[in-house]
Amino acid sequence: MTGWLQRDPLVPTMRENSSSIKAMREFQGMNLGHKKRDRRLERVVAALSVKPDASFPEATGSDAELEGLYRLLNNEAVSAAKLLRPHVLQTVARAKAEPEAVTVVAHDTTGLEFAGEGRKGLGPMLMSERGFYAHFSLAVNPDEQHEPLGILSFIPVIRKEKAARKKRTARVVQSDPEKEYLRWTQGIDEVEKRMAGIKRVIHVADRESDSYEIISRLVSGDCGFVLRLKYNRNITANDEIAKLYDVLKQAHGVAEREVQLASRGDHKSKGTLKVFPPREARLATLVFAARSVTFKRPRDLPKAKYPDFI
């Protein structure tokens with residue numbers, strides 16, 4: 001599409017704003033099936049790039065522009081995947097241009113809550129809120145600056161309304177095609193596909209990714225990864241059965257690094273507060289240790305689908 005960087009008389013002040021130009025370049029090649037929709041998206045991107053923390057009414061500046069934005073987002077020809085695709089291509093190009101041999105991709109999920117009644121397409125959240133969960137895979141340059149390169153995958157997760165619970169066996173739960181954890185493997189698959197032949201990827205994920213299914217996917221694909229532990233598993237070390245944490249405590253440190261930790265306040269969710277208690281800002285010393293261990297496939301996972309050991 002050629003109109004993205006041409007002068008538009010409807011937004012004359014935006015072209016002189018460098019942040020607007022950079023933002024609009026992320027959408028080069030966008031084709032929403034009609035020039036009016038393309039130009040509407042251009043105006044929306046320009047407005048939000050100037051006020052990224054503003055609400056839609058504040059960013060658009062008028063009832064007419066706000067109504068145009070809502071019509072655009074409600075159009076069946078517009079989808080999150082279609083809007084993100086040009087940015088993903090730009091992200092891959094930036095990763096390819098970097099001199100480093102690898103690209104770090106951080107996977108994480110955040111909850112998006114929406115107030116008000118009558119909103120369609122949302123699901124229940126942790127408390128009484130309505131919204132959905134957004135699972136992102138963010139490419140980052142592995143140098144000292146850790147410059148973000150862009151999004152490589154976005155997976156929305158909308159929870160269904162709670163129904164009367166029926167008792168299900170572990171195998172039935174594991175075979176459920178709508179399990180939320182699948183977003184992790186789906187994100188990994190999308191990143192690996194888009195970065196194939198470009199750069200080797202190091203996948204980084206938080207404690208929710210500590211799953212035999214996820215780890216076996218990474219190992220079978222010869223992927224690089226760093227995952228935060230959640231479970232003190234039974235493992236095999238030196239031909240003996242042991243607890244993972246006990247074995248790791250005996251591992252010798254091979255490197256240290258100081259990291260500045262930000263302060264963390266209270267959280268309204270008791271479950272989250274238990275896992276992430278309040279803390280003061282401080283300088284922490286991280287000690288890195290290495291040890292080879294073997295994980296055994298949990299009994300509730302099908303043998304035909306997952307290896308006995310990883």
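Student: Which residues of α1 meet which residues of α2?

Tutor: Ser19, Ser20, Ala23 and Met24 in α1 meet Glu42, Val45, Ala46, Ser49 and Val50 in α2. Contact here means heavy atoms within 4.5 Å. Helices (H or I, at least four residues) and strands (E, at least two) are DSSP runs, numbered from the N terminus.

Student: How do the residues of that contact divide by class?

Tutor: Five are nonpolar, three polar and one charged. Ala, Val, Leu, Ile, Met, Phe, Trp, Tyr, Cys and Pro count as nonpolar, Asp, Glu, Lys and Arg as charged, and the others, Gly among them, as polar.

Student: Before going on, what should I know about the model and the numbering?

Tutor: It is a predicted model: local features need pLDDT of at least 70, side-chain atom pairs count only at pLDDT 80 or more, and totals for chains, interfaces and linings use all residues. Residues are numbered from 1 along each chain as its sequence is written, and side-chain values use heavy atoms, with hydrogens and water left out.

Student: OK. At what angle do α1 and α2 pack?

Tutor: About 135°, with the axes of α1 (residues 18-25) and α2 (residues 35-50) 8 Å apart. Axes are lines fitted to C-alpha atoms, for helices over the stretch in contact, and angles run from 0 to 180 degrees between N-to-C directions. The two helices are therefore oblique to each other; angles under 35 degrees count as roughly parallel, over 145 as roughly antiparallel, 65 to 115 as roughly perpendicular and the rest as oblique.

Student: What about α2 and α4, how do their axes cross?

Tutor: At roughly 120°, with the axes of α2 and α4 (residues 63-74) coming within 10 Å. That makes this pair oblique too.

Student: Which residues make the contact?

Tutor: Arg37, Arg40, Leu41, Arg43 and Val44 of α2, and Ala64, Glu65, Gly68, Leu69, Arg71 and Leu72 of α4. By class, that contact has five nonpolar, one polar and five charged residues.

Student: New topic. How many aromatic pairs are there?

Tutor: Two. Rings of Phe, Tyr and Trp (its six-membered ring) pair if their centres lie within 6.5 Å; planes under 30 degrees apart count as stacked, over 60 as edge-to-face and the rest as tilted. One of the pairs is Phe114 with Phe132, which is stacked, at 6.1 Å centre to centre and 15° between the planes.

Student: Where do those two sit?

Tutor: Phe114 lies in strand β1 (residues 102-114) and Phe132 in strand β3 (residues 130-140), so the pair ties together parts 18 residues apart in sequence. Phe114 is partly exposed at 33%, while Phe132 is buried at 16%.

Student: And what does His87 touch?

Tutor: Glu26, Arg94, Gly150 and Ile151, not counting residues up to four places away in sequence. His87 is in helix α5 (residues 80-97) and counts as buried at 16% relative accessibility. The C-alpha atoms of His87 and Gly150 are separated by 7.3 Å, although the two are 63 residues apart along the chain.

Note on methods
Buried means under 20% relative accessible area, exposed over 50%, partly exposed in between (1.4 Å probe, protein chains only).
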